[in-house]
Amino acid sequence: MMTNADVQQIVTHILQKRFQANGFSRSEVVSEEDFDGASIIRVTAHVERPVGSATDKVNAILAIQDELQQFGDNRFVYLDIDAPDPEKRPDEDEDDISEGN
């Protein structure tokens, strides 16, 4: 099994290419166990603009898994995309909402 640092290098390389148009800035990699106790890799990709297509996300997961398998790591990859909410204005703050106005 690869270290998180090794996985991080692969993940960053793949996500930089795949989510460049979305303003990819960084990723985080964490090794965890799923509900059955199997070892998994949880990846969070931080982007400036949302990824519009589920296909793009699935293809990124498959590319990461394919690359990891070449190094003998067969863990399943979960990918979360962290992007700003397009519905929320940058100056809008939930705590600033006043009642009755």
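Which side chain does the side chain of His46 join in a polar contact? That was my opening question for today, and I took it to a predicted model.

**Entry 1: His46**

I started by placing the residue: His46 belongs to strand S2, which covers residues 39-46. Then I looked up its partner and found Glu28, with a polar contact of 3.1 Å between the two side chains.

Next I checked burial. His46 has a relative accessibility of 10%, so I noted it as buried, the cut-off being under 20%.

I also listed its contacts, setting aside neighbours within four places in sequence. His46 touches Gly23, Phe24, Ser25, Arg26, Ser27, Glu28 and Asp82.

**Entry 2: helix H1**

I moved on to H1, residues 4-18. This helix has 15 residues and spans 20 Å from first C-alpha to last, close to the expected 21 Å.

Which residues of H1 are buried? I wrote down Val7, Ile10, Val11, Ile14 and Leu15. They sit on the same side of H1, because the arc they cover around the axis is only 120 degrees.

On the face away from the buried side I found the exposed residues Ala5, Gln9 and Lys17.

Last, I asked what the buried residues of H1 pack against. My list reads: strand S1 (26-33), S2, helix H2 (54-70) and strand S3 (76-82).

Methods:
Residues are numbered from 1 along each chain as its sequence is written. This is a predicted model: local features need pLDDT of at least 70, side-chain atom pairs count only at pLDDT 80 or more; totals for chains, interfaces and linings use all residues. Side-chain values use heavy atoms; hydrogens and water are left out. Helices (H or I, at least four residues) and strands (E, at least two) are DSSP runs, numbered from the N terminus. Buried means under 20% relative accessible area, exposed over 50%, partly exposed in between (1.4 Å probe, protein chains only). Contact means heavy atoms within 4.5 Å. A polar contact is a pair of N or O atoms within 3.5 Å; within protein, one must be able to donate a hydrogen and the other to accept it, and residues adjacent in sequence count only if both atoms are side-chain atoms. The expected span of a helix is 1.5 Å times one less than its number of residues. The arc is that of the directions from the helix axis to the C-beta atoms.
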